[in-house]
Amino acid sequence: MTELVEEAAAARKTAARWWRDAVIYQVYVRSFADGNGDGVGDLLGVRSRLRYLSELGVDAIWLTPFFTSPMADFGYDVADYRDVDPIFGSLADAKALLDDAHRHGLKVIVDVVPNHTSDQHEWFVAAAAAGPGSPERERYIFREGRGARGELPPNDWESIFGGPAWTRLPDGQWYLHLFAPEQPDLNWEHPEVHAEFADILRFWLDLGVDGFRVDVAHGMVKAAGLPDVGHTGQVKLIGTDIVPFFDQDGVHEIHRSWRRILDSYDGERIGVAEAWAPSPERLANYVRPDELHQAFNFHFLNTPWDAAAFREVIGVSLETVTLVGAPSTWVLSNHDVKRHVTRYGGGAVGLRRARAATLLMLALPGSAYLYQGEELGLPEVLDLPEEYLQDPQRLRDPDSGRDGCRVPMPWTATEEPPFGFAPPGIYESWLPVPPAWRGLSVEAQLRDTASTLSLYRAALRIRREHPALGDGAITWLESPAGTLAFVRDGGFACLINMTGEWVEAGLPPGAAELLLASADPVISGDVVRLAPDSTTWWSLENV
């Protein structure tokens with residue numbers, strides 16, 4: 001009886017730590033589903049598609065910001081952190097969505113944006129009106145300019161969106177904004193800022209959210225004295241150096257205080273860092289046992305289609321998080337980067353590589369993030385009409401716009417766009433849906449057992465059911481050049497061919513059954529011919 005009690009307790013503990021191997025689906029709210037017919041996605045639309053997400057097989061959804069905002073950066077410029085922008089619905093809609101999601105067995109993670117507010121936030125409005133030296137300005141980072149009359153910015157920092165990271169007000173002082181001028185950076189040395197965000201977290205936790213994705217988790221603390229970077233040109237988000245406005249050691253005390261808040265609630269509420277760090281070792285700092293639970297692995301996302309490169313980044317990622325006892329995360333696309341079908345070459349080649357990359361990702365230990373539409377094999381839209389392009393990043397740098405990965409989801413195989421994104425009879429969407437996406441719609445792909453959507457559904461079902469998948473470790477096997485092979489404890493093997501040719505390889509020891517393939521292999525005895533750019537999953541016996 002004692003053993004049964006201990007086993008039951010262990011099972012409950014494992015179930016509670018859902019985040020260690022969860023598959024989390026990113027919902028870019030504006031582009032997921034339009035519930036009220038205004039051409040913009042909203043919380044009502046998300047609610048209407050919860051059954052789809054549950055049947056897809058994900059464990060949780062992450063909602064991009066839906067808070068009150070002037071939308072200078074599509075919600076990442078927050079004017080009120082405790083309310084819902086009318087574009088997306090109401091606070092009652094948010095509560096109803098949380099309740100419905102939980103009834104469908106889905107956890108819900110929401111964004112929190114602590115590095116900056118909107119310039120329409122009541123704090124910044126008050127700061128701008130109060131003038132230099134006022135207490136209101138101490139909540140942000142205001143400085144006098146350089147030059148004989150203060151006409152030059154206080155230092156040489158540049159905005160991630162391009163241009164100086166400083167804007168001057170009519171009274172002569174400058175304020176810092178690492179992103180758009182409409183997004184002034186908060187001063188995290190001020191105790192009121194700490195208290196305000198602790199209260200914001202509790203507000204949403206009390207409403208029922210299961211966690212937070214922390215936007216720019218590496219950016220809240222700046223180096224003392226705001227020193228110059230010392231060179232010209234925009235600072236890259238990933239590099240070999242620690243810059244004075246990113247990845248400062250002081251951010252970790254903020255995350256420790258937030259972890260204490262999360263741990264005070266039932267149900268394993270989690271924090272996920274969107275942290276750009278110069279190395280995997282620095283990134284692992286964000287997921288130490290007393291800090292956040294996960295951090296996005298952008299090193300994996302940025303890996304080129306090359307077997308040696310993937311093996312290197314997977315190995316380093318697993319080694320570094322193991323040092324702090326955290327799970328790794330894996331992600332191929334999100335709302336800020338080109339879709340991986342396009343990054344991997346586009347067309348038929350890009351799609352087959354994307355399918356193979358997905359099976360590789362879902363076979364790895366840890367947690368995986370899916371970006372809406374990747375389960376349909378959606379490509380980046382590269383030819384959007386000029387009049388629709390609204391991304392502030394693109395307006396400052398035409399080559400880095402993010403509109404193309406934010407085009408609305410195609411749901412139905414109707415004759416005309418937007419293919420079920422909006423209610424019947426509505427033919428406009430905030431970004432136009434390409435006519436060619438009719439064949440990529442959810443409805444069309446559900447009819448096709450060989451579709452990318454069918455592959456995702458099968459992979460997620462196997463991942464949930466197979467005892468070897470999820471949290472744990474991998475053991476690499478020898479394999480031909482241009483390929484990868486590994487096994488998972490519990491009777492599972494994965495073979496990946498990252499070349500454009502058929503490759504002959506030995507079957508994994510004990511291979512009993514082909515579980516799933518992104519493209520069918522040819523099996524002859526103990527030898528398998530792997531299709532170009534493909535991944536295969538195998539069950540193993542006697543393991």
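Author: A cavity is a set of grid points where a 1.4 Å probe fits but cannot get out, and its lining residues have an atom within 4 Å of a point. The model discussed here is predicted.

Reader: Which residues lie nearest the centre of the largest cavity?
Author: A search of the whole structure finds 4 cavities of 30 Å³ or more. The largest has a volume of about 110 Å³. Its lining counts 13 residues, and those nearest the centre are L283, A295, N297, V321 and S328.

Reader: How many residues of that lining of the largest cavity are charged?
Author: Elements giving two or more residues to this lining are α9 (280-284), β11 (294-295) and α11 (307-323). By class, the lining has 7 nonpolar and 6 polar residues; the charged ones number none.

Reader: Which element gives the most to the lining of the second largest cavity?
Author: This cavity has a volume of about 40 Å³. Its lining has 9 nonpolar residues, no polar and no charged. Two elements give two or more residues each: β5 (107-112) and α5 (91-103). The most, 3 residues, come from α5.

Reader: Which strands stand at the edges of the open sheet of 3 strands?
Author: The order is β17-β20-β19, with antiparallel pairing. An edge strand has a single partner, so one side is left without a neighbour in the sheet. That describes β17 (503-506) and β19 (522-524).

Methods: Residues numbered from 1 in each chain as written. Predicted model: local features only at pLDDT ≥ 70, side-chain atom pairs only at ≥ 80, totals over all residues. Heavy atoms only, no water. Pairing = 2+ DSSP bridges. Helix = DSSP H or I, 4+ residues; strand = E, 2+ residues; numbered from the N terminus. 1 Å grid on protein atoms, 1.4 Å probe; cavity = no way out; pocket = protein on both sides within 12 Å on 5 of 7 lines; lining within 4 Å. Points joined across faces, edges and corners; volume = space filled by probe spheres on them. Nonpolar A, V, L, I, M, F, W, Y, C, P; charged D, E, K, R; others polar.
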